[in-house]
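Try each task before you read its solution.

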Amino acid sequence: MIELADVEAAAARLRGVAHETPLITSRTLDRDVGASISLKAEHLQRGGSFKIRGAYNRISCLSDDERREGVVAFSSGNHAQAVAIAAGMCDTSAVIVMPDDAPPTKLAATAGYGAEVVVYDRYREDRAQIADRLARERRLTLIPPYDDPLIMAGQGTAALELIGRIGPPDILVVPVGGGGLIAGSGTALRAHRDDAVVIGVEPEGADDTRRSLETGDQVELPGVPRTIADGLQPVTPGILTLEVNRRVVDHIVVVSDDQIRAAMRFLFERLKLVVEPSGAVGVAALLAGSIDAEGRRVGVILSGGNIGADRFMEVLGEGSPTDA
């Protein structure tokens with residue numbers, strides 16, 4: 001379990017390392033949803049996502065011996081880039097296991113930050129097993145993408161900043177992959193306001209956390225879900241994140257790929273923001289009416305913006321334009 005003190009300690013370590021990203025508002029979005037909405041722009045964070053928060057918090061706590069040996073991580077892109085950046089800042093080396101179909105911009109950026117990239121087939125191979133093998137063979141320290149107290153606490157600093165700017169919102173809406181961002185963010189919000197509502201958003205078919213919370217057991221999906229939200233494709237939540245999220249999350253909603261596209265289009269056309277599919281799911285849920293936010297103060301984390309121009313146009317071109 002993590003507590004507010006863990007998130008506050010992470011915030012102290014991250015001071016001067018992570019950007020304090022802005023809060024963005026839109027009268028059009030407020031009108032369409034019927035709420036007062038603040039968007040936490042983590043797509044403008046170092047490395048293009050919130051992930052630097054957890055990665056740096058974890059790597060900065062390594063021993064001298066661990067730093068000399070180096071670290072290994074597995075990720076579809078955002079955690080990969082964050083670990084590469086944090087490793088460089090902490091004077092250690094990084095090996096990153098990434099799927100061979102990860103967005104080319106994420107593969108290139110990870111290598112560009114100085115990491116060694118090892119690719120695998122996400123539909124045939126197990127990334128965790130590959131990373132574990134590399135850790136044993138090379139004496140590397142595994143930096144998990146979410147299932148670690150220091151990772152969760154670091155991610156929670158995004159919500160801590162939001163609370164520091166506008167106070168605790170009535171509702172906090174957070175994308176859910178492995179559950180680390182919502183675990184840390186929910187912990188931060190609950191400590192300031194226990195009656196606030198914490199809502200997670202997952203893509204259709206990738207709702208392992210929703211199913212796990214509803215059944216009370218850790219659910220594993222039968223295969224890697226196919227969704228444009230490539231950062232939200234874990235087939236099962238973390239053991240530690242699930243335990244925290246049982247305590248801090250009220251419920252999870254799901255959104256379709258078309259709803260995600262509509263949100264990306266809205267953010268681009270109305271707010272001039274380029275947000276990747278995984279980062280747009282919170283706005284997608286609000287625009288689709290999946291969250292009862294009428295008359296409420298709502299905080300939404302835009303978790304990432306790592307998408308190349310070609311892929312951005314391709315994703316929006318796959319769906320029909322909306323008037324949103």
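Find what sits over the ring of Tyr 123.

Solution: The charged end of Arg 226 does, 4.2 Å from the ring centre. The rule asks for NZ of Lys or CZ of Arg within 6 Å of the ring centre and within 35 degrees of the ring normal.

Before you go on: this is a predicted model, where local features need pLDDT of at least 70, side-chain atom pairs count only at pLDDT 80 or more, and totals for chains, interfaces and linings use all residues. Residues are numbered from 1 along each chain as its sequence is written, and side-chain values use heavy atoms, leaving out hydrogens and water.

**Exercise 1.** Work out how the rings of Phe 268 and Phe 312 are arranged.

Solution: Step one, the rule: rings of Phe, Tyr and Trp (its six-membered ring) pair if their centres lie within 6.5 Å, and planes under 30 degrees apart are stacked, over 60 edge-to-face, the rest tilted. That gives one aromatic pair. Step two: the centres are 5.4 Å apart and the planes are at 65 degrees, so Phe 268 and Phe 312 are edge-to-face. Step three: Phe 268 is in helix H13 (residues 257-271) and Phe 312 in helix H15 (residues 309-318), so the pair ties together parts 44 residues apart in sequence. Helices here are DSSP runs (H or I, at least four residues), numbered from the N terminus.

**Exercise 2.** Decide for Phe 312: buried or exposed?

Solution: Buried means under 20% relative accessible area, exposed over 50%, partly exposed in between (1.4 Å probe, protein chains only). Phe 312 has 8%, so Phe 312 is buried. Phe 268, at 39%, is partly exposed.

Technical notes. Helix = DSSP H or I, 4+ residues; strand = E, 2+ residues; numbered from the N terminus.
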